[in-house]
Amino acid sequence: MGWLGLAWLLHYLPFWPMTRVLYPHHYLPAYVFSCMFTGVSADHLLKRFISLFKPSTASVIQYFGVVLLCASTAASFYIMSPIVYGYDSDAEDNPMLKYQVNTHWDF
């Protein structure tokens, strides 16, 4: 788990301060490591958490943990889909501006 976090950090940090346009080859390796790190971390944390309970209760908790993870993934996709698929709006009424993390990034 530590190597994936380090790999993500080393691929992500060099492009954080960039003020120019970032193309997929800039952030795709960091995204791949982020996906792997998220999956491994969620699995590790869920297994550690359910080990505190009896096996019968643990299976129910694991089921709801996986459902929660899938639901949060679907909600994240729904919220961020206008960025991916494009949207028609003017700059002043852009609904995605509230998700802008870095002021140098252009939506």
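A: Met36 is found in helix α2, where helices are DSSP runs of H or I with at least four residues, numbered from the N terminus. This is a predicted model, so local features need pLDDT of at least 70 and side-chain atom pairs pLDDT 80 or more, while totals for chains, interfaces and linings use all residues. Residues are numbered from 1 along each chain as its sequence is written, and side-chain values use heavy atoms, leaving out hydrogens and water.

Q: Okay, how exposed is Met36?
A: Met36 is partly exposed, at 37% relative accessible area. Buried means under 20%, exposed over 50%, and partly exposed in between (1.4 Å probe, protein chains only).

Q: And how far apart are Met36 and Trp8 in space?
A: Their C-alpha atoms are 9.3 Å apart, and the two residues are 28 apart in sequence.

Q: Switching topic: how do α2 and α3 cross?
A: The axes of α2 (residues 24–50) and α3 (residues 55–85) come within 10 Å and cross at roughly 155°. Axes are lines fitted to C-alpha atoms over the stretch in contact, with angles from 0 to 180 degrees between N-to-C directions. The two helices are therefore roughly antiparallel, the word for angles over 145 degrees.

Q: Which residues of α2 meet α3?
A: Ala42, Leu46, Phe49 and Ile50 do, and their partners in α3 include Ala58, Ile61 and Leu69. Contact means heavy atoms within 4.5 Å.

Q: Is Phe49 buried or exposed, or in between?
A: Phe49 is partly exposed, with a relative accessible area of 41%.

How values were computed:
Angles under 35 degrees count as roughly parallel, over 145 as roughly antiparallel, 65 to 115 as roughly perpendicular and the rest as oblique.
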